[in-house]
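Visitor: Could you show me around this one? I'd like to know what the labels rest on.

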Amino acid sequence: MSFLDVTDLDITYTVGAGSLKAVDGVSFSLRKGESMGIVGESGCGKTTIAKGLMQLLPKNGAITRGSITLNGRELVGLSKEAVRRLRLKEIAMISQSAMNALNPVYTIGDQLVEGIMAHTSFGNRGAYKRAVEVFEMVGLEEKRMRSFPHQMSGGMKQRAVIAMALSLNPSLIIADEPTTALDVVVQDRILHRIIKIQKEINSSMIFITHDISVVSEICETIVVMYGGKVMEMSPTDTFFRRPFHPYSLGLKNAFPLITEITDELISIPGTPPNLLLELKGCRFNERCPFAQQKCAVELPLFYEPEPGHKVACHFPERVEEFRERSSHRDTWEVVRERLIREYMEKGAVEYA
Amino acid sequence: MLGYIIRRLLIMVLMILLVSTMIFLLFRTMPGDPTASMVDPSIPREARQALLERYGLHESLWTQYAIFMKDLVRLDFGTSYFYNRPVLRVIQDRLPATLILMFTAMLFAYIIGIFGGAWMAWKRGTKLESLGITFSLIFRSAPTFWVGLLVIMFFAVRLGWFPAQGMRSTGYVGNTFREIFLTTDFLRHLVLPAFTAGLYFLATPTLIMRNSMLEVLSEDYIEMAHAKGLRERRVLYRHAARNALLPVVTAGALFIGAAIGGQVLIEVVYSWPGLGREIVQAVTRSDYPLAQGCFIILSTLVMVMNLIADVLYAFLDPRITY
């Protein structure tokens, strides 16, 4: 048993008359102090996992199967009050849109103190002292405690949100695209600050992003998601040296590492699947250049090319071939042409 | 901030002069002749002429206007034709009763409306929410005199809890403000009309608050407040409601004007000696000075309330500075 265990997690949204499984049978675990990156395109379910862990799903969303245990304690089905006690103290979130995550009518200090006081027996003064401490950790001056959000720059607001998340030394930090709204220079500085503090207080971290180069820098493990399912899960260094899944290969083409000099960027043609439809096979089969008949009808199980590395693909034996072919633009162009052709044919059928 | 208020006050003075001009012209273009209602039509022509001259009505429109404005600047609204007393005195007698009734009713409506609206947004999509909307809209749409009569029937006649009519018990005479308004007798008389008016006012703050809450509840900082592990009630009232309040404050200031109009019927039903009833009577009696005075006071009131709302903004929302 690890520090955090997520097992067979399903999260379903009710949309109109139908329902949509945004997270489908996801399992992973996290050691104390480990940081894990979850990557994938928009709509692959990564933010839903974050909200699921925090139990902050919108009203039409619910965990429909599986379990989440933190330190051996089951989180699914906890009472509202028990969940409230966990938030910030045990699991803290650095949210996706720090720009709007601060209430415009209260000072930053008030908002920090409020969070600290909700979980501790610190008085006002004790909470204030703690808030100033975390402010210093993220590099904000004490006088900023009295600022309102609109008086601060984007980077400062982001740091204030980070300070808030770290104010009670949470054992798990969930960072949901914490730097997407910032410019690259600030982004880098803040990323390193988060990592530094995370190591200092030895908390575990789940880092959610669509930018795999960030994960390569700061995370020990990477989970690649697509269409609500895990495609590949691996220690970061092996992943970047030798990805296995065709989707991972495509992602790597689209986000080359700075250390690797490539001639061109190759994007993955097509769009993620419509999760409202019932999908049987591999979620990626439509866009996969190596897809076979089997891929559309049968869900691939994980195979482990090495301990701690899981890949959900039907063709473990053809990995070398995939790797070779995926670095050529032509391989993906074929997919693009096929998708266009299929689209036209579907249109023709509808017209007829 | 102070500079802003001073600037606003100066603009207000200009606005009042402008409004007064419009009110002046409005009454002069209205059909009817004040002498007709004041004087028996059978009196001799000379007597009528003498009356006209006494009130300056024989002068040209321009001269009348000049006199009117000159007096206005000195806060002299003239003498009521009907009461034969200075207009300002008549208004002074009536205004407090109306204002007290109105503010009590608005306080009632706004407190219930703000909390109720916030709560309804929280309970979005439940039966309780639609019940709340229906409830507030029923009293918004029902004629106030009818609701007033029902309230009288139930609370005054059937239960006998509160008096049904007037502002004080018969026989009670008070001279100072304190003697008139700061008595339990007055408060007992106030309950039913304030309740009826409050029910009528209720829909506006409730529905605006509900809408504005729904918008605020989808903001990221609300999710953040939840993520901080705050209690739901704290998120709802401290974080969401505070931000949702602004549009309600605006609506409140604008609502004052409408409220006085809406209150006329209530003043009639409860025989409440207020300004609303006085205005209606002044207009039907062609009592120009009194009607003019009332309208000018009311428009000033609306402007003052707007200024208060704008100043309140700065306190409610730190992003606003003047």
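Guide: Two strands pair if DSSP finds at least two bridges between them, and strands (E, at least two residues) are DSSP runs, numbered from the N terminus, as are helices (H or I, at least four). This is a predicted model, where local features need pLDDT of at least 70, side-chain atom pairs count only at pLDDT 80 or more, and totals for chains, interfaces and linings use all residues. Residues are numbered from 1 along each chain as its sequence is written, while chains are lettered from A and ligands numbered from 1 in the order in which they are written.

Visitor: What makes strand 4 and strand 5 of chain A a pair?

Guide: Strand 4 (residues 61-70) and strand 5 of chain A share 2 bridges in the antiparallel sense; at least two are needed, so they pair. Thr69(A) stands opposite Glu74(A) of strand 5.

Visitor: Why is strand 5 of chain A called an edge strand?

Guide: Strand 5 (73-74) of chain A pairs on one side only, and so does strand 2 (18-30). The open antiparallel sheet of chain A has 4 strands in the order 2-1-4-5.

Visitor: How do you know that 6 residues of domain 1 of chain A are in contact with domain 2 of chain A?

Guide: Contact means that C-beta atoms, placed from the backbone, lie within 7 Å. Those 6 residues of domain 1 of chain A meet 8 of domain 2 of chain A. Helix 7 (residues 212-218) of chain A gives the largest share of the domain 1 side, 3 residues. The bounds, 33-42 + 79-224 for domain 1 and 243-351 for domain 2 of chain A, come from an automatic or database domain assignment.

Key. Two residues are in contact if their C-beta atoms, placed from the backbone, lie within 7 Å.
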